[in-house]
Amino acid sequence: MKFHTIKDIKPLENMILEAVFSNGETKKYDMKNLIKKYDMFKELENKELFDKVKVDIGGYGIMWNDKLDLSSEEIWKNGETI
């Protein structure tokens, strides 16, 4: 299986992330559904924490801290191509 790795991640307004993948595609990913569905993501309602998002080593996901991360495949499959 070929993984879609992330090259860059940017927090936008309204709990949206903009991910640039290594193949050049860019996707927007709305975090609001995950925040509603999983309690652990509720911490991201704090804008200061949300804005600290960064790409994991290797680009296989993104992270905010030691407890909160998200796979690149989730963003690839469920993000909106722009």
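Predicted model: local features only at pLDDT ≥ 70, side-chain atom pairs only at ≥ 80, totals over all residues.
**Entry 1**

**Entry 1: S1 and S2**

I looked at the pairing of strand S1 (residues 6-11) with strand S2 (residues 16-21). The two run antiparallel and are joined by five bridges. I noted two of the partners: isoleucine 9 is bridged to alanine 19 in S2, and proline 11 has leucine 17 as its bridge partner in S2. S1 and S2 form a hairpin, and four residues lie between them. In the turn I checked asparagine 14, whose phi is positive, at about 65°.

**Entry 2: lysine 27**

I moved on to strand S3, where lysine 27 lies. Is lysine 27 buried or exposed? I find lysine 27 buried, and without a salt bridge. The nearest side chain of opposite charge belongs to glutamate 25, 4.6 Å away, and the cut-off for a salt bridge is 4 Å. I next asked which side chain makes a polar contact with the side chain of lysine 27. The partner is the side chain of threonine 81, at 3.3 Å.

**Entry 3: aspartate 30**

I then turned to aspartate 30, which is also in strand S3 (residues 26-30). Why does aspartate 30 count as partly exposed? Its relative accessibility is 33%, so aspartate 30 falls in that class; the class runs between 20% and 50%. Setting aside neighbours within four places in sequence, I find aspartate 30 in contact with Asn14, Met15 and Ile16. Asparagine 14 is the turn residue with the positive phi noted above. For methionine 15 I also looked up the spacing: aspartate 30 and methionine 15 are 15 residues apart in sequence, and their C-alpha atoms are 6.1 Å apart. One of its polar atoms lies 2.9 Å from the backbone nitrogen of lysine 32.

How values were computed: Residues numbered from 1 in each chain as written. Heavy atoms only, no water. Buried < 20%, exposed > 50% of the residue type's maximum accessible area, 1.4 Å probe, protein only. Contact = heavy atoms within 4.5 Å. Polar contact = N/O pair within 3.5 Å; in protein donor to acceptor, adjacent residues only side chain to side chain. Pairing = 2+ DSSP bridges. Lys, Arg positive; Asp, Glu negative; His and termini not counted.
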